[in-house]
Amino acid sequence: TQPQNYSGPVGATAEFTVAVNREDVTYQWQYWTGSKWSNTSVAGNKTATLTPAITSARNGAKYHCVITTVDGSQTVTSEAATLTVVASANSVKLEWA
């Protein structure tokens, strides 16, 4: 299973998940820096599910997962998924009377 794009408000937690048909694997989530993929250290970075806190700075962030068999014989990389920050349902919209 490939990770899906995620949208949520600042202060919430995003969730990106991958799944493969083997158990003898390791996971390493990465994010796009704008010029290269780099390992991330956010929650879940070495599990099948990455759970980054949603901040305004992460709007548009792209994540993918590198999955490797424990013996190192096979590696696959997931498709990238994008985090989009949206307005909170609790935000107040100012309008003219």
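Contact here means heavy atoms within 4.5 Å. This is a predicted model, in which local features need pLDDT of at least 70 and side-chain atom pairs count only at pLDDT 80 or more, while totals for chains, interfaces and linings use all residues. Residues are numbered from 1 along each chain as its sequence is written, and side-chain values use heavy atoms, with hydrogens and water left out.

**Exercise 1. Work out what surrounds Lys62.**

Step 1: Find the residue. Lys62 sits in strand β6, residues 62-69 (strands are DSSP runs of E, at least two residues, numbered from the N terminus).

Step 2: Skipping neighbours within four places in sequence, Lys62 is in contact with Gln30, Tyr31, Trp32, Trp37, Ala81 and Thr82.

Step 3: Pick out the polar contact (a pair of N or O atoms within 3.5 Å, one able to donate a hydrogen and the other to accept it; residues adjacent in sequence count only if both atoms are side-chain atoms). The side chains of Lys62 and Thr82 make one at 3.3 Å.

**Exercise 2. Trace how β3 pairs with β6 and β4.**

Step 1: Start with β6. Strand β3 (residues 25-32) runs antiparallel to β6, joined by 7 bridges; pairing takes at least two DSSP bridges between the strands. Val25 has Thr69 as its bridge partner in β6.

Step 2: Turn to β4, residues 37-39. This strand pairs with β3 over 3 bridges, again antiparallel, and Trp32 is bridged to Trp37.

Step 3: Look at the hairpin. There are 4 residues between β3 and β4, and Gly34 has a positive phi near 110°. Gly34 and Lys62 are 28 residues apart in sequence, yet 9.4 Å apart in space, C-alpha to C-alpha.
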